[in-house]
Amino acid sequence: MEGIKTRRGQVTIMKIKESLAVGSFAFFGGILRYLIGLVLNQPTGFPYGTLCVNLIGAFCLPFLMRYIVARLHLSDQLALAIGTGFFGAFTTFSSFSVDAIRLVNQQQWSAFAWYVGISMVGGVLLSLLADYWAVKLTHGPEEQEVSQ
């Protein structure tokens with residue numbers, strides 16, 4: 001397959017298609033994050049929008065990678081576009097950091113502690129729950145009976 005020469009080697013047409021797919025899905029993830037932020041975030045208050053999208057992403061991405069890809073037999077390219085593109089643009093560690101610094105600068109210590117705690121602990125727990133649930137659903141009752 002012909003490609004474009006770069007310093008690191010060959011960039012194939014497939015990589016260009018993957019990049020376009022990631023970018024297309026990122027557009028929709030970014031727009032959805034923006035809309036949720038418009039509805040939930042308050043300029044001087046608690047960053048509910050950022051917290052919400054990060055917790056949704058913390059649950060959905062592991063679930064997608066474990067269950068949806070396996071059950072629906074999604075192609076690697078589509079999984080990449082959804083995971084890196086959509087959820088990469090939907091979730092945001094940089095906004096989390098800026099929101100946390102804003103709370104510190106406003107001396108909202110309690111809000112800061114809750115925000116960081118819920119984001120970090122909640123995100124990891126939701127990821128574990130999503131992975132656990134995906135494994136249980138992937139190995140449905142018919143498969144569990146066979147293995148017993």
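Reader: What elements does the protein have, and in what order from the N terminus?
Author: The model is predicted. It has six helices and two strands. From the N terminus the order is β-β-α-α-α-α-α-α.

Reader: How many residues, and what share is buried?
Author: The protein has 148 residues, and buried ones make up 31% of them.

Reader: And the exposed area? What do carbon and sulfur supply?
Author: The protein exposes about 9,700 Å². Carbon and sulfur atoms supply 68% of that area.

Reader: What about contacts? What share comes from residues 24 or more positions apart?
Author: Take the contacts with a separation of 6 or more. Residues 24 or more positions apart account for 66% of those.

Reader: On to α1. How many residues, and what does it reach from first C-alpha to last?
Author: Helix α1 has 28 residues and reaches 41 Å.

Reader: Which residues of α1 are buried?
Author: Glu-18, Val-22, Gly-29, Ile-36 and Gly-37.

Reader: What covers them?
Author: The cover includes α2, residues 48–72, and α3, residues 76–90.

Reader: What is Glu-18 in contact with, beyond its neighbours within four places in sequence?
Author: Gln-77 and Leu-80.

Reader: Which side chain does Glu-18 meet in a salt bridge?
Author: Lys-15, at 3.5 Å from N to O. Both residues lie in α1, three residues apart, or about one turn of the helix.

Reader: Why would residues at that spacing point the same way?
Author: An α-helix has 3.6 residues a turn, so residues three or four places apart point the same way.

Reader: How many salt bridges does the structure hold?
Author: Two. Besides the pair in α1, the side chains of Asp-131 and Arg-66 meet at 2.8 Å, N to O. This pair links distant parts of the chain. Asp-131 is in helix α5 and Arg-66 is in helix α2, 65 residues apart.

Reader: How accessible are Asp-131 and Arg-66?
Author: Asp-131 has a relative accessible area of 24% and is partly exposed. Arg-66 is partly exposed too, with 40%.

Reader: Change of topic. What span should α4 have, and what is the distance between its end C-alpha atoms?
Author: Helix α4 covers residues 93–105, which is 13 residues. At 1.5 Å a residue it should span 18 Å. The end C-alpha atoms are 18 Å apart, which agrees.

Reader: Which α4 residues are buried?
Author: Phe-96, Asp-99, Ala-100, Arg-102 and Leu-103. They cover an arc of only 160 degrees around the axis, so they sit on the same side of α4.

Reader: What do those buried residues pack against?
Author: They pack against α2 and α5, the latter being residues 109–138.

Reader: And which residues are exposed on the other side of α4?
Author: Ser-94, Val-98, Ile-101 and Asn-105 are exposed there.

Reader: What comes after α4?
Author: Gln-107 follows α4 and has a positive phi, near 55 degrees. Gln-106 is in the loop between α4 and α5.

Reader: How accessible is Gln-106?
Author: Gln-106 is partly exposed, with a relative accessible area of 32%.

Reader: How far is Gln-106 from Gly-45, in sequence and in space?
Author: They are 61 residues apart in sequence. In space the distance is 9.8 Å, C-alpha to C-alpha.

Reader: Last topic, the surface. Which residues make the nonpolar patch?
Author: Phe-27, Phe-28, Ile-31, Tyr-34, Leu-35, Leu-38, Val-39, Leu-40 and Tyr-48. The patch is about 950 Å².

Reader: Where does the largest share of the patch come from?
Author: From α1, which gives eight residues. Phe-27 is found in that helix.

Definitions and conventions:
Residues numbered from 1 in each chain as written. Predicted model: local features only at pLDDT ≥ 70, side-chain atom pairs only at ≥ 80, totals over all residues. Heavy atoms only, no water. Contact = heavy atoms within 4.5 Å. Helix = DSSP H or I, 4+ residues; strand = E, 2+ residues; numbered from the N terminus. Expected span 1.5 Å × (residues − 1). Buried < 20%, exposed > 50% of the residue type's maximum accessible area, 1.4 Å probe, protein only. Arc of directions from axis to C-beta. Patch = residues over 30% accessible without salt bridge, like charges linked within 9 Å, V, L, I, M, F, W, Y side chains within 5 Å. Areas by Shrake-Rupley, 256 points an atom, 1.4 Å probe, with all protein chains shown as cover. Salt bridge = Lys/Arg side-chain N within 4 Å of Asp/Glu carboxyl O.
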